[in-house]
Amino acid sequence: MDATTPPPPGGRTLHRFANPGRFLRISGRVLPVVALLGLGLTLTGCVWGLFFAPADWQQGDAVRIMYVHVPAAWLASFGYLSLAICSVLSLVWRHPLADLAAAEIGPVGAAFTALCLATGSIWGKPMWGAWWVWDARLTSVLVLFFLYLGHVALVRAFDDPQRGYRAGAILALIGVVNLPIIKFSVDWWNTLHQPATIKFTGAPTMYVGMLWPLLLCALGFTFGFVAIVLARTRAAVMERRIRGLLMARAQEADAR
Amino acid sequence: MTRKRRRLILLLVCGLGLGTAAALVLTAFSDNMVFFLAPADLASKAPHNGRTFRLGGLVEAGSVEHTREGSKPVVRFRITDGAANVVVTYAGILPDLFREGQGVVTLGAMQTDGTFRASEVLAKHDETYMPKEVADALKRSGHWDPKAGAPPPASTWNTLLPKPGNGG
């Protein structure tokens with residue numbers, strides 16, 4: 001039913017990708033490139049970081065957890081930002097693909113957040129002396145994890161998928177207040193978690209030999225995230241198409 | 001077009017309201033959002049009558065002494081934030097990162113003699129990541145004494161080339 005409504009004149013640029021056929025065609029061509037980039041960069045960054053980068057003078061080899069923890073944390077936040085953008089597209093412009101993408105970003109973002117929390121905990125025990133503390137940074141990231149889980153559950157909780165998408169989009173947008181809190185928690189309040197090493201202003205307080213593999217890993221994780229979401233959204237589009245065909249066939253059989 | 005614009009404006013207004021509410025709540029609760037108190041805060045904010053709270057700051061250089069209380073080994077050190085300092089006693093295992101000049105967060109209560117009795121000591125790692133060779137070079141050249149506090153500006157050392165042949 002979505003494919004039959006002609007795109008409104010104002011939203012042509014956005015609705016160009018609302019055509020599922022065109023989306024499948026373009027994403028099918030982009031996906032292998034993105035997936036290979038993600039896999040290659042992540043592997044290179046991890047091997048570099050885990051085996052060749054220098055150990056920290058205080059933390060020793062425990063510093064290497066950073067090469068997974070920091071990219072996972074960045075992607076947890078960026079993933080939520082993309083979820084919020086999809087939600088705006090869905091609520092304001094009623095973009096049908098944004099609904100599907102939002103539903104598919106949820107579980108992936110939750111997985112990255114879980115990875116971030118788990119690796120942080122594994123680093124925290126030997127370095128801080130505690131698996132977990134209730135400081136502002138850790139707590140706000142845990143809230144982000146629950147927001148993802150809530151979105152995953154809410155989107156799938158209704159018989160009518162449209163109502164689920166609507167409710168999920170509203171939840172996702174309310175949760176956006178959490179993003180600046182996560183980012184600035186370490187500056188606004190004193191926390192056990194260290195402040196940002198890589199800042200918008202000033203030199204990164206990290207040795208270049210550690211910084212390069214970290215940036216490679218972050219880039220690799222980003223491509224990986226995009227690849228997983230693209231693949232899942234493609235699967236969702238095809239699933240909807242197949243369901244439509246099966247429904248049509250069932251109705252045909254009923255009519256006969 | 002008009003319906004779309006109406007939805008967009010509605011969304012923006014809701015976002016503005018939500019953002020303001022969140023900002024107000026966070027400012028109102030900002031005293032409760034801090035994970036620990038600094039020694040300078042103690043005079044104005046410290047909970048008295050033996051209530052438990054967290055105290056954080058740098059371990060003052062030269063203040064760490066290992067003593068005994070009966071048969072139990074006890075460590076005494078001063079926590080400073082530059083403006084004030086507090087003597088802390090702790091019986092237990094210190095985290096790996098504990099050293100003079102390191103940031104720590106301790107959980108405990110003030111005693112009647114003005115010292116802080118900790119039941120837990122956590123080490124706070126700062127935002128610097130530095131290989132051993134670079135740290136040694138800075139210490140050797142006298143640019144940095146880790147006991148005295150934070151390292152020099154990052155741009156002076158983050159591309160410093162340590163001597164080859166000692167990787168990983």
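**Exercise 1.** Determine what share of the contacts in chain B with a separation of 6 or more joins residues 24 or more positions apart.

*Solution.* Two residues are in contact if their C-beta atoms, placed from the backbone, lie within 7 Å. Among the contacts of chain B with a separation of 6 or more, 49% link residues 24 or more positions apart.

The structure is a predicted model, in which local features need pLDDT of at least 70 and side-chain atom pairs count only at pLDDT 80 or more, while totals for chains, interfaces and linings use all residues. Residues are numbered from 1 along each chain as its sequence is written, and chains are lettered from A and ligands numbered from 1 in the order in which they are written.

**Exercise 2.** State how many residues of α1(B) are buried.

*Solution.* A residue is buried if 20 or more other C-beta atoms, placed from the backbone, lie within 10 Å of its own. In α1(B) the count is 0, whereas buried residues make up 25% of the 168 residues in chain B.

**Exercise 3.** Identify the element that gives the largest share of the side of chain B that touches chain A.

*Solution.* In total, 38 residues of chain B are in contact with 39 residues of chain A. The largest share of that side of chain B, 7 residues, belongs to α1(B).

Note on methods. Helices (H or I, at least four residues) and strands (E, at least two) are DSSP runs, numbered from the N terminus. A residue is buried if 20 or more other C-beta atoms lie within 10 Å of its own, exposed if 12 or fewer, and partly exposed in between; C-beta atoms are placed from the backbone.
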